[in-house]
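Thanks for coming. Let me put the structure up, and then we'll walk through it.

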Amino acid sequence: MRIRRAERARWRQVPAGMRDQTAAEVAARRRAEERLRETFARWGYHEVATPAVEFYETFLHGAGPGVGDRLLKLVDADGEVLALRPEMTVPLARLAATRLLPGGEGPLRLAYVAPVFRGQERGSGRHREFTQAGVELIGAAGWRGDAEVIALAADALRAVGLTDAAISVGHAGFLRGLLATLPDGAAETARELLYRRAFAELEAAVPPGPALEALRSLPVLRGPTALARAELLAHAAESREALAALAAVLEGVEAHAPSVRVEVDLGLIRDFDYYSGIVFEAHGPAAGLPLLGGGRYDDLLARFGHPAPATGFAIGVDRVLDVLDCAPASRPTVAVRYEDQAYRQAVRVALVLRRAGLAVVALPDGAAGPLAACTVRVGPDTTVVSGAAGEVATAFDDVLVVVRAALETRA
Amino acid sequence: MSPLTVAVPTGRLLHDAVRLLERAGLHARGLGDDRRLLVDLEGGARVLLARPTDLLTYVEQGAADVGIVGRDMLLEQGRDVYELLDLGFGACRAVVALPEERAEQLWRPGHALRVATKYPRLTARYFEQVARPAEIVVLYGSVELAPLVGLADGIVDLVMTGRTLRENRLREVAEIAQSTARLVVNRSSLSRSRRTAELVATVRALCVQEAGRAGG
């Protein structure tokens, strides 16, 4: 029998991988989220929302049985198994295929900023609830769509202040082509090893030959000469087509955004197995986990009953905030201090200032309060505004003007 | 440019890991002889000493660019790092071992074994694969003790020579996995850090050399 931790200790904690956020953290997050929303909107992407909880089956249907272990599951009163969404691509594919595409006109440009949840993440120190901001371009086949979302990804990172991020781009078809040349059993084992990124173990699992050579060089098939080197290794038609498609997309991205650092990385393997073509990730200036990831998933919408090509990406907002370490500009607070008999006047002064858009806290004289940029002292007969420039006595009707002047001198 | 950081495991792989780094041109001699956990090397590289169970966390999260770790840890922890090279040293096997005199009786199909181990995920996966019922007792220290005192029927643990098993009157009944030391690399370091790529290339060349010598 399991000995449970005392309840007494539990209520002080939140579950592993979950966390509270302070006012400063929330402010920084909101600012980043607003900039991302604004960027998505400028590229013509419209924000949609889906429920945080869906049927367990929906995620398995979309992302394959492997996703089951990663879901945070719950059972409702009817015994129905539900799960919190682990990402937004499957819910948006469901939404698009079942509601938006039938009878509508494509292509769809959808955006989202939403918390997602994971049951158990591999590795310690990882969050189980985190925010993803991303887009899905649904109904657009071909390199122009991929170039658009990659350029948009770079623009979104720039908007939150990450000007030195580098984007790595690969193609799932290159690997599929290599695996197709292997005998069935070996292909399956190799795929499993590659999902674990266990390149050192390929030799034991794959018969020697050009395919093994190519698979082993995947981690180093990156950088400016990667496409040329990969050409020499790609014997399968699918691999060759993938390289041609990749070259076209890179050219397209370059047209959109010549200054963006884009690098070929044919060893890029994304965790979700619905990716069918171009895949990409972005890394910040420091080492660590990718800041964003995405790619093309042309077969996913068909699983929900309405085939359509699609491509998109998701930014890990928390990871971006970790890298940025930005202190948000807080709005200056005005303190309205009152003597007891001036309470009514004071809260009316506060209301006038708030209606004008200022942040105001009304407090009794002497009470502890926030650090204020400017203080309005309200007595039964006097109103005095004190700021960096000194003290000014004023009439009720002029308080707003005097406070604004006081705040401006401070700036 | 941040310095190249290499994570080296304390314990049984330390000696060979330091020797490998020496041969790769990182002068790490004497590492582990004192209590320093983070050691700056000549030429802007540094080495951090981590427990084998923690090492993959440092590499996955980017606190280290490169690490040396047993395959057993990779199988147990399933982290998001690139496992690039088999370094050849630190060979051992993960096995199921049962008390000598009761091994046959306990290992009969359908018997629900109680197994003590430091590798709960690896163990659970194995018993799922061979479709044998098992209950896992997670321990952090010497698991051989568990069957001696009735805490478990048997153990899943690493063996090198088999001496510890013999001394504790345990017999191997199944091999779960083979392990050697591996070179692992942080995903973004591989693309963003030139020095990481150079170290990987150097170590790869050393491994090929070694294999050639062993083969010839």
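How many cavities of 30 Å³ or more does a search of the whole structure find? The search finds 2. Keep in mind that this is a predicted model.

Let's take the second largest cavity. About 50 Å³ of space lies in it. Which residues line the second largest cavity? From chain A come S168(A), R222(A), D265(A), L268(A), E281(A) and H283(A). From chain B come Y82(B), R187(B) and S191(B). Two elements give two or more residues each to this lining: β9 (278–283) of chain A and α8 (187–192) of chain B. By class, the lining has 4 charged, 3 polar and 2 nonpolar residues.

A word on confidence in chain A. The average pLDDT is 90. A score of at least 70 is reached by 95% of the residues. Where is chain A's confidence lowest? In helix α1 (residues 7–10) of chain A, with a mean of 68. It is highest in strand β1 (residues 46–47) of chain A, at 98.

Now to the sheets of chain B. One is an open sheet of 6 strands, with mixed pairing. Read across, the order is β2-β3-β1-β4-β11-β5 (chain B). Why do β2 (38–40) and β5 (82–86) of chain B each have one side without a neighbour in the sheet? Because they stand at the edges, each with a single partner strand. From one strand to the next, the twist averages 25°.

Strand β3 (residues 46–50) of chain B runs antiparallel to β2(B), and 3 bridges join the two. Here L38(B) stands opposite L48(B) in β3(B).

Next, the helices on this sheet. Helix α1 (residues 14–23) of chain B lies across β1 (5–9), β3 and β4 (66–70) of chain B. It runs at about 150° to β1(B). Helix α2 (residues 52–60) of chain B also packs on the sheet, touching β1, β3, β4 and β11 (181–185) of chain B. The direction of α2(B) makes about 150° with that of β4(B).

T117(B) stands opposite V156(B) in β9(B).

That's the tour.

Notes:
Residues are numbered from 1 along each chain as its sequence is written. Chains are lettered from A and ligands numbered from 1 in the order in which they are written. This is a predicted model: local features need pLDDT of at least 70, side-chain atom pairs count only at pLDDT 80 or more; totals for chains, interfaces and linings use all residues. Side-chain values use heavy atoms; hydrogens and water are left out. Two strands pair if DSSP finds at least two bridges between them. Helices (H or I, at least four residues) and strands (E, at least two) are DSSP runs, numbered from the N terminus. Axes are lines fitted to C-alpha atoms, for helices over the stretch in contact, and angles run from 0 to 180 degrees between N-to-C directions. Contact means heavy atoms within 4.5 Å. pLDDT is the predictor's confidence in each residue, from 0 to 100. On a 1 Å grid over the protein atoms alone, a cavity is a set of points where a 1.4 Å probe fits but cannot get out, and a pocket is an open set with protein on both sides within 12 Å along at least five of seven lines; lining residues have an atom within 4 Å of a point. Grid points are joined across faces, edges and corners, and a volume is the space filled by probe spheres set on the points. Ala, Val, Leu, Ile, Met, Phe, Trp, Tyr, Cys and Pro count as nonpolar, Asp, Glu, Lys and Arg as charged, and the others, Gly among them, as polar.
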